[in-house]
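Here's a quick briefing on the fold you're about to look at. Have a glance at the model, then read on.

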Amino acid sequence: MIYFRNDTKEYISWLERHPNAYVLNVSTGGKHKAMLHTSRCGHLYQPDPMLAHTETNPKACSRHRDELERWGADASLAVSPCPDCKP
Ligand SMILES: [Zn+2]
């Protein structure tokens with residue numbers, strides 16, 4: 001698993017190289033929520049390189065869905081699957 005925060009360039013690079021992986025979109029600001037997406041979900045892909053993607057919403061990324069779910073639980077995040085890409 002890899003965690004991107006304030007590193008949009010590296011995140012976009014990872015996303016391009018992992019078409020069959022998972023991304024946990026983390027809410028900051030005390031909400032303790034995260035949404036699990038596939039790496040080609042329309043909510044994430046294709047990312048606009050001119051926008052900040054990992055500042056208010058850091059991304060935990062992995063090829064293994066269960067790894068992200070465990071990480072989210074350990075971080076006390078309420079993880080919900082995206083209703084659109086249905087990971
Ligand atoms: Zn999604």
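A residue counts as buried if 20 or more other C-beta atoms lie within 10 Å of its own, as exposed if 12 or fewer do, and as partly exposed in between, with C-beta atoms placed from the backbone. On that basis, buried residues make up 25% of the 87 residues in the protein. Keep in mind that this is a predicted model: local features need pLDDT of at least 70, side-chain atom pairs count only at pLDDT 80 or more, and totals for chains, interfaces and linings use all residues. Numbering starts from 1 along each chain as its sequence is written.

**Layout**
- The protein has 2 helices and 5 strands (DSSP runs numbered from the N terminus: helices are H or I, at least four residues; strands are E, at least two).
- From the N terminus on, they run β-α-β-β-β-α-β.

**Sheet**
- The 5 strands form an open sheet in the order β1-β4-β2-β3-β5, with mixed pairing (to pair, two strands need at least two DSSP bridges).
- At the edges sit β1 (2–4) and β5 (78–81), each pairing on one side only.
- β2 and β4 run antiparallel, joined by 4 bridges, and Leu24 stands opposite Ala60 in β4.
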